[in-house]
Amino acid sequence: MSSLKAPFFTDDAVASPFWWDEARPDKSSADDISSFTEVAIIGGGFTGLNAALVLARAGKQVTVYDADAPGWGASSRNGGFLGPGWAFFDPALTYGTDMARRVVEESFESLQYVKDVVAKEQIACDLKVVGYFKGAMTPRIYDSLGSNIERIRKVLPCDAYMVPRSEQHREVGSDLYHGGVAMPGYAGLHPAKYVKGLAEAARRLGVRVFSNARVTDLQQQGGAFAFKVLGRDVTARQVLIATNGYSGGLLPYLKRRIIPVGSGLVATERLPPELMSKLMPKRQMLAGSQRVVTYYRPSPDGTRIILGGRVLDMSGTVKSNTANATYLRSLLVRIFPELEAHKISHYWHGQLGFTFDHFPHVDTIDGMFFAGGYNGTGVARSSWLGGKIANKMLGNDQGKTVYSELSFETRPYFNGKPWFLPLAVWYYGMRDRWDQR
């Protein structure tokens, strides 16, 4: 954790997730790693820990290995959005109407899955259904959002509805938008509390969860799998790779298919209650329609605003953190000019896992299992697919998912380094500006 210095930072501002103030990921010893485990799960985030719960309840001996601490990556750094998935309908239409319907249905099931896990494991993570509003940056985009809702309603029931500009202050206290679409089923949670609760629940079931336990040299070996952890040789009967945007060079196959994308967030200082009521009258999840995504929400206690968006410099230096925070704050002030007079208390970033078709994937790679590639919408879907992949490992029908039917593609000249990302962000940013002329 490092301090931040700039006129718009509070005196005690830190380059650390706001969520960690209440639920910092716990590091545990890696000294007693066994040379054998029945099931090895690589990655202790939402995917890996939800899978561990299912496998442990089925009687499997499960070990989770995390290179840092359980949840240290995107699982404790994200915005805590849990959506019903209406936005996934149009992209899925490229596979046909039936596939689009199934994608949305699974999205609703994933939201319910998280609710069920939180209730069953009694995880206090501020989970609450609050709704969502997506603001249209232009009248043309407003019409496009409305057309999308009508397409959905021809295939399955949809409770989303359009909000004209004349009524948008009921949703958000900003004049930036030209109306938008409201989605009542959206929920929010405290992501760091959620992933910490998952780790505690897994340990209660006998799962061994190791921190500082980076896995290397992963390979098939006879009818099992071999790898190293801190120089120690370990074998496992089954392996689940649940590293998403932090997959790195673990397997060449994933290196060519998972695109690591940086996302940064800022949290404001505590704001006056009357200002929060004006800017966020429903205390709901919010976003704009820009292609370069910007999303924001109230803190769970309703006293701050948290905003996230794309950043390119993930070096973590004081200079880069300040530049990223300056950019994100400018987005926030554009939405809410009133916040020009208020400061930022936290800046942080994390790494997301994107795919070329913008869908998550469930796959087997040389006999090993994989679920990931959540494209920035992973709180519900990573939890859901963690359960799905675990059931697939158990060989039962509950492991079936639409995401195992999609071809997991790569592109020529891509080998893990997203050299095209700055160009893509520039291009889509230009299109956003063009749309808003």
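Is Asp-366 buried or exposed? In this predicted model, Asp-366 counts as exposed because its relative accessibility is 54%, and the cut-off for that class is over 50%.

**Overall chain**

The protein chain holds eleven helices and 20 strands. Its C-alpha atoms occupy a box of roughly 65 × 55 × 45 Å along the principal axes. The radius of gyration is 21 Å, which agrees with the value near 22 Å that a compact globule of 437 residues would have.

Of the 437 residues, 59% are buried. The accessible surface of the chain amounts to about 18,300 Å², and carbon and sulfur atoms contribute 52% of that surface. Among contacts with a separation of 6 or more, 74% join residues 24 or more positions apart.

As for charge, the chain carries 51 positive and 41 negative charges.

Most residues other than glycine have a negative phi. Asp-217 is not a glycine, yet its phi is positive, at about 55 degrees. Asp-366, also not a glycine, has a positive phi of about 50 degrees.

Asp-217 belongs to strand 11, which covers residues 215-221. Asp-366 sits in the loop that runs between strand 19 (361-365) and strand 20 (368-372). With a relative accessibility of 47%, Asp-217 is classed as partly exposed, whereas Asp-366 is classed as exposed at 54%.

**A buried asparagine**

Asn-148 lies in helix 5, which spans residues 139-153. Why does Asn-148 count as buried? Its relative accessibility is 13%, and buried means under 20%, so Asn-148 falls in that class. Which residues does Asn-148 contact, leaving aside its neighbours within four places in sequence? They are Trp-86, Phe-89 and Asp-90.

**Accessibility of the three residues**

The table collects the values for the residues discussed above.

| Residue | Relative accessibility | Class |
|---|---|---|
| Asn-148 | 13% | buried |
| Asp-217 | 47% | partly exposed |
| Asp-366 | 54% | exposed |

Key:
Residues numbered from 1 in each chain as written. Predicted model: local features only at pLDDT ≥ 70, side-chain atom pairs only at ≥ 80, totals over all residues. Heavy atoms only, no water. Helix = DSSP H or I, 4+ residues; strand = E, 2+ residues; numbered from the N terminus. Buried < 20%, exposed > 50% of the residue type's maximum accessible area, 1.4 Å probe, protein only. Contact = heavy atoms within 4.5 Å. Rg over C-alpha atoms; globule rule 2.2 N^0.38 Å. Areas by Shrake-Rupley, 256 points an atom, 1.4 Å probe, with all protein chains shown as cover. Lys, Arg positive; Asp, Glu negative; His and termini not counted. Charge placed at Lys NZ, Arg CZ, Asp CG, Glu CD.
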